[in-house]
Amino acid sequence: QVQLVESGGGLVQAGGSLRLSCAASGRTFSMYVMAWFRQGPGKEREFVASITTIGSSTYPSDSVKGRFAISRDNAKNTVYLEMNDLKPEDTAVYFCAARRVSSGSWGTWGQGTQVTVSS
């Protein structure tokens, strides 16, 4: 099973950009579908984007489509979230998550990284 550690969060002005990283331990990273979720203040956790095991397909949510991009580098055991044109409503703790292809649930989560977008 992989363990996940996010980094790259911070404070940014509206319209700015940030790149989040999620480093995974273990030698089976390429067997996991990866995703980013976020939880804003007073809100439920929501799906942001996912990527297939070899990165051939990505699935962004409607709320971030065209602004955020998920990618992965299996040689580095890392998944990324490139966030552009950030808005105050993107303020949240961002979590990366992993699941086996055959699993229906996201079984492994990182600790989260805070992203704050000021207006």
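Colleague: Which residue in β8 is the bridge partner of Leu-20?

Modeller: This is a predicted model, in which local features need pLDDT of at least 70, side-chain atom pairs count only at pLDDT 80 or more, and totals for chains, interfaces and linings use all residues. Residues are numbered from 1 along each chain as its sequence is written, and side-chain values use heavy atoms, with hydrogens and water left out. Strand β3 (residues 18-24) pairs with β8 in the antiparallel sense over six bridges; strands (E, at least two residues) are DSSP runs numbered from the N terminus, and two strands pair if DSSP finds at least two bridges between them. In β8, the bridge partner of Leu-20 is Leu-81.

Colleague: Which residue of β8 is the bridge partner of Ser-71?

Modeller: β7 and β8 (residues 78-83) are joined in the antiparallel sense over six bridges. Ser-71 belongs to the uncovered face of β7 (residues 68-73), together with Ala-69 and Asp-73. Its bridge partner in β8 is Tyr-80.

Colleague: Which residue takes a positive phi in the hairpin of β7 and β8?

Modeller: This hairpin has four residues between the strands. The positive phi, near 55 degrees, is that of Asn-77.

Notes: Buried < 20%, exposed > 50% of the residue type's maximum accessible area, 1.4 Å probe, protein only.
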